[in-house]
Amino acid sequence: MTEKVLIIGSGPAGLTAAIYASRADLNPLMIEGMERGGQLMITTDVENYPGFSDGIMGPDLMEQMRKQAERFGTRIISSDVTDVDFSEQPFKVSVGRETYNAESVIISTGASARWIGVPGEDRLRGFGVSACATCDGFFFKDKELLIVGGGDSAMEEAIFLTRFASRVTIVHRRDEFRASPIMVDRVFDHQRIDVLWDSVVDEILGDQLVTGARIRNVKTDEVTDFEADGVFVAIGHTPNTKVFGGQIALDEAGYIEVERGTTLTSVEGVFAAGDVADKVYRQAVTAAGMGCQAALDAQRWLHDRS
Ligand code: NAP
């Protein structure tokens, strides 16, 4: 049997693609992955997804999207894809020993925020530890925040967080930033942003909520307990594209390359949507929008070749 549309990944991009593809009678098969629902499953309140005026919990939003996709007949397999072959039609997508054939594939495997991997980070995620200033900054009105990183994301998030926080302190492991000069200048010019150079977070402190972080100067080995209400980690994201290497064009950071303004990849019939192909916006609503585009692109492509 050859599927018309096979969707890999089950965040907002994949599930929106599934809703559109199933409503278009394409009977999509989704391989949702072991981390079903994606990054929103580790997000608490989502206040910026349109349609929920009181906000919604990330896992609840994903459950609703999943039900909506299933309502129109999407079939879902709860495993990780282990191999793909896009070299000829039908495409082959393997899950362990099982191989599925598909005329078109939508990749929406997302990206994973990188974490520093210190004690307290996992336990306090959602309780003061975050990797998304746009999502969680709002909860830190008049609070003191730490942000870890030295790239453009860390600069951008630090500046954004000053809208809410009374003070933002950037902790960077070296004595110069990697970020672009214009972003660095904005940070240096800001009255309420400080920088701790040559410093790393060794532990995030707090019982129920973050109360601070243990910070070590890597040059002097001096350790300080720094009081803060939140720790934002901004050390980059890793797109989940390992399994697609060699099959499809990726950029130098590993993101899937798509034709500007579309979801078309380097392989005809393979489409990409959401964070796996977007390192700029990275929002649930933009991923959902791109999932819709991917389903429409796939639908048109299937129609044109039939
Ligand atoms: P990035 O450029 O890779 O920077 C990551 C930063 O985190 C680096 O400063 C790095 O330190 C630090 N870091 C990495 N691992 C660490 C660890 N384990 N502990 C402590 N610090 C660690 O990532 P990004 O800032 O997310 O940017 C990704 C790409 O998106 C870049 O090309 C960037 O220009 C682009 N971007 C652009 C904009 C914009 O133009 N507005 C905004 C956001 C992102 P080192 O410097 O010591 O390696």
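## A parallel sheet and its helix

Five bridges join strand 11, residues 144–148, to strand 12, residues 167–171, and these two strands run parallel. Within this pairing, Leu146 stands opposite Thr169 of strand 12. The description given here rests on a predicted model, and this should be kept in mind throughout.

Another open sheet consists of three strands in the order 14-15-16, and here the pairing is antiparallel. Strand 14 (199–206) and strand 16 (223–227) each have a single partner strand and stand at the edges, so one side of each lacks a neighbour in the sheet. From one strand to the next, the twist averages 25°.

The pairing of strand 15, residues 210–217, with strand 16 is in the antiparallel sense and extends over five bridges. Across this pairing, Arg214 has Asp225 of strand 16 standing opposite.

## Two domains

The domain assignment divides the chain into domain 1, made of 2–112 together with 237–305, and domain 2, which spans 115–233. Seven residues from domain 1 and six residues from domain 2 take part in the contact between them. The C-alpha centres of the two domains lie 32 Å apart.

## A cavity and a pocket

The structure holds one cavity of 30 Å³ or more, and about 60 Å³ of space lies in this largest cavity. Its lining is formed by Ser10, Leu15, Glu32, Arg36, Gly37, Met41, Pro59, Met62, Glu63 and Arg66. Helix 2, residues 58–71, supplies the largest share of that lining, with four residues. By class, four of the lining residues are nonpolar, two are polar and four are charged.

The second largest pocket, in turn, contains about 400 Å³ of space. Of the 16 residues that line this pocket, Val258, Ala277, Asp278, Val280 and Met290 lie nearest its centre. When the lining of the second largest pocket is sorted by class, there are seven nonpolar, three polar and six charged residues.

## Two backbone details

Most residues other than glycine have a negative phi, and most peptide bonds are trans. Against that background, two places in the backbone deserve a mention. The peptide bond that joins Gln89 and Pro90 is cis, with omega about -10°, and Pro90 is placed in the loop between strand 6 (83–85) and strand 7 (91–95).

The other place is Asp25, a residue other than glycine whose phi is positive, near 65°. Asp25 is found in the loop that lies between helix 1 (12–23) and strand 2 (29–31).

Key: Residues are numbered from 1 along each chain as its sequence is written. This is a predicted model: local features need pLDDT of at least 70, side-chain atom pairs count only at pLDDT 80 or more; totals for chains, interfaces and linings use all residues. Side-chain values use heavy atoms; hydrogens and water are left out. On a 1 Å grid over the protein atoms alone, a cavity is a set of points where a 1.4 Å probe fits but cannot get out, and a pocket is an open set with protein on both sides within 12 Å along at least five of seven lines; lining residues have an atom within 4 Å of a point. Grid points are joined across faces, edges and corners, and a volume is the space filled by probe spheres set on the points. Ala, Val, Leu, Ile, Met, Phe, Trp, Tyr, Cys and Pro count as nonpolar, Asp, Glu, Lys and Arg as charged, and the others, Gly among them, as polar. Two strands pair if DSSP finds at least two bridges between them. Axes are lines fitted to C-alpha atoms, for helices over the stretch in contact, and angles run from 0 to 180 degrees between N-to-C directions. Domain bounds come from an automatic or database domain assignment. Contact means heavy atoms within 4.5 Å.
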